[in-house]
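Take a moment with the sequence and the fold. Then follow the chain from its overall layout to one pair of helices and the core around it.

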Amino acid sequence: MTDTVVVIYSGGMDSFTLLHRARAQGLNVHALSFNYGQRHVRELEVAATVCRAEGIPHKVIDIRAMSDVMSGSALTSDIEVPEGHYEEDNMKATVVPNRNMILLSLATGYAVTVGAGAVWYGAHGGDHAIYPDCRPEFVEKMDAVCRVANYEPVGIEAPFMTLDKGEILSEGLRLGLDYSQTWTCYNGREQACGRCGSCVERLEAFAANGISDPLAYESNV
């Protein structure tokens with residue numbers, strides 16, 4: 001069995017923690033990021049900086065040409081980013097159609113290319129209310145398909161599936177990670193907005209761990 005994994009690395013705190021968890025387990029990590037026309041493309045700059053500093057092989061795939069089949073989301077189209085908590089119905093505006101199936105399929109091809117036995121991504125328990133492609137049944141079925149899609153079986157794993165963001169942050173803090181090296185906000189401005197669903201969940205995670213977020217915010221949060 002190969003000790004090489006491909007980690008889908010967005011630059012956010014979940015995938016940042018996942019990347020370092022894989023390294024802490026002694027795995028040979030290839031980081032893979034995607035530019036799909038997301039409003040918060042700043043996360044890719046953060047991801048590239050981390051990988052350069054850590055000496056992690058990092059590939060960014062530009063799939064903006066696929067924007068016509070991934071449109072209609074507040075993250076990829078000219079739609080206002082909703083404010084509030086992920087469990088609120090208006091957060092469905094942040095769903096990018098079929099995003100994870102597309103990204104995982106591409107990552108599986110890359111895994112075969114680099115000799116990796118698995119693709120890891122950062123879906124977690126807090127995503128389940130809104131994002132269908134972060135739920136356990138999706139991961140199970142994608143895993144089954146990707147194991148038979150090539151001569152070389154590639155597993156699809158979501159190690160944080162049963163955790164919430166506060167628990168993921170706890171793991172990262174135990175690893176000594178610096179979360180100023182991440183970007184979470186759906187608005188890719190100079191400072192995080194503090195009001196979108198992604199910011200709200202992030203701030204709740206830091207509060208649950210009794211510490212302050214090292215990022216600067218536009219609003220007094």
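What follows goes from the whole protein to single residues.

This is a predicted model: local features need pLDDT of at least 70, side-chain atom pairs count only at pLDDT 80 or more, and totals for chains, interfaces and linings use all residues. Residues are numbered from 1 along each chain as its sequence is written, and side-chain values use heavy atoms, with hydrogens and water left out.

Start with the layout. The protein has six helices and five strands. Both are DSSP runs, numbered from the N terminus: helices are H or I with at least four residues, strands are E with at least two. Along the sequence the pattern reads β-α-β-α-β-α-β-α-β-α-α. Of the 221 residues, 49% count as buried (under 20% relative accessible area with a 1.4 Å probe, protein chains only; exposed is over 50%, partly exposed in between). Take the contacts (heavy atoms within 4.5 Å) between residues at least 6 apart in sequence: 69% of them join residues at least 24 apart.

Now look at two helices. The axes of α3 (residues 99-114) and α4 (residues 136-146) come within 11 Å and cross at roughly 30°. Axes here are lines fitted to C-alpha atoms, for helices over the stretch in contact, and angles run from 0 to 180 degrees between N-to-C directions. That crossing makes α3 roughly parallel to α4, a label for angles under 35 degrees; over 145 is roughly antiparallel, 65 to 115 roughly perpendicular, and the rest oblique.

Which residues of α3 and α4 make the contact? From α3 come N100, M101, L104, S105 and T108; from α4 come F138, M142 and C146. By class, five are nonpolar, three polar and none charged. Ala, Val, Leu, Ile, Met, Phe, Trp, Tyr, Cys and Pro count as nonpolar, Asp, Glu, Lys and Arg as charged, and the others, Gly among them, as polar.

N100 lies in α3. N100 counts as buried because its relative accessibility is 7%. Leaving out residues up to four places away in sequence, N100 touches Y121, D133, C134 and F138.

The largest nonpolar core has 36 residues, and I8, L104, V119, Y121 and I156 touch the most other members. Such a core is a set of buried Ala, Val, Leu, Ile, Met, Phe, Trp, Tyr and Cys residues joined through side-chain atoms within 4.5 Å. Elements giving two or more residues are β1 (4-8), β2 (28-35), α3 and α4. Helix α3 gives the most, with six.
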